[in-house]
Amino acid sequence: MSERSTKRGFVSRPGDAESWIKAPEANGRRSDDTSAFSARLTIDVTPALRGRIKVAAFRRGITVADMLRDLLSREYPDDPGVSS
């Protein structure tokens, strides 16, 4: 019982992070516009901020992911010459 299991965990870390970042992801479960997004971004926030974000998205009737995509798109437009 002291031996480690050879079974792989839920998620395995890539050996080469650079190739992992550049690799295309498999198609998502959804077939709407969100399938066009191929990069995943993970951030750490406090539980209080997470709650405020979720409440704001709920009040707007959209998902947290859609709300944050819109926020990031406004803050970082495609054309670097455009300012808000």
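Me: To start with a side chain, is Arg69 buried, partly exposed or exposed?
Reply: This is a predicted model. In it, Arg69 counts as partly exposed, because its relative accessibility is 25%.

Me: Which side chain does Arg69 meet in a salt bridge?
Reply: The partner of Arg69 is Asp66, with 2.7 Å from N to O. Asp66 is partly exposed, given its relative accessible area of 26%.

Me: Where do Arg69 and Asp66 sit relative to each other?
Reply: Both belong to helix 3, and they are separated by about one helical turn because they are three residues apart. An α-helix has 3.6 residues a turn, so residues three or four places apart point the same way.

Me: How many salt bridges does a search of the whole structure find?
Reply: The search finds one salt bridge.

Me: Let us step back to the fold. How many helices and strands are there in the chain?
Reply: The chain has three helices and zero strands. Along the sequence the pattern reads α-α-α.

Me: And how much of the chain counts as buried?
Reply: Of its 84 residues, 5% count as buried. The accessible surface of the chain is about 8700 Å², and carbon and sulfur atoms account for 53% of that surface.

Me: Where is confidence lowest and where is it highest in the chain?
Reply: Helix 1, residues 17-22, has the lowest confidence with a mean of 66, whereas helix 2 has the highest at 95. For the chain, the mean pLDDT is 77, and 54% of the residues reach 70 or more.

Me: Over which residues does pLDDT stay under 50?
Reply: That applies to residues 27-31, for which the model has one contact beyond four places in sequence.

Me: Back to helix 2. What span should its 14 residues have, and how far apart are its end C-alpha atoms?
Reply: Helix 2 covers residues 47-60 and should span 20 Å, because each residue is taken at 1.5 Å.

Me: What follows helix 2?
Reply: Gly61 follows helix 2, and its phi is positive, near 75 degrees.

Me: What about Ile62 and Thr63: where do they lie?
Reply: Ile62 is in the loop between helix 2 and helix 3, and Thr63 lies in that loop as well. Ile62 counts as partly exposed because its relative accessibility is 33%. Thr63 is also partly exposed, with a relative accessible area of 35%.

Me: Leaving aside neighbours within four places in sequence, what is Ile62 in contact with?
Reply: On that basis, Ile62 is in contact with Ala57 and Met67.

Me: And which residues does Ile53 contact, with the neighbours within four places left aside?
Reply: Ile53, which is placed in helix 2, is in contact with Val64 and Met67.

Me: How far apart are Ile53 and Thr63?
Reply: They are 10 residues apart in sequence, and their C-alpha atoms are 10.0 Å apart in space.

Me: One last topic, the surface. Which residues form a nonpolar patch?
Reply: The patch is formed by Leu41, Ile43, Val45, Leu72 and Tyr76, and together they have about 540 Å² of accessible area.

Me: Where is Tyr76, and is it buried or exposed?
Reply: Tyr76 is in the segment after helix 3, which covers residues 64-75. Tyr76 counts as exposed, because its relative accessibility is 58% and the cut-off for exposed is over 50%.

Note on methods
Residues are numbered from 1 along each chain as its sequence is written. This is a predicted model: local features need pLDDT of at least 70, side-chain atom pairs count only at pLDDT 80 or more; totals for chains, interfaces and linings use all residues. Side-chain values use heavy atoms; hydrogens and water are left out. Patches are made of residues with over 30% relative accessible area and no salt bridge: like charges are joined within 9 Å, nonpolar side chains (Val, Leu, Ile, Met, Phe, Trp, Tyr) within 5 Å. Accessible areas come from the Shrake-Rupley method with a 1.4 Å probe; for residues, only the protein chains shown count as cover. A salt bridge is a side-chain nitrogen of Lys or Arg within 4 Å of a carboxyl oxygen of Asp or Glu. Helices (H or I, at least four residues) and strands (E, at least two) are DSSP runs, numbered from the N terminus. Buried means under 20% relative accessible area, exposed over 50%, partly exposed in between (1.4 Å probe, protein chains only). The expected span of a helix is 1.5 Å times one less than its number of residues. Contact means heavy atoms within 4.5 Å. pLDDT is the predictor's confidence in each residue, from 0 to 100.
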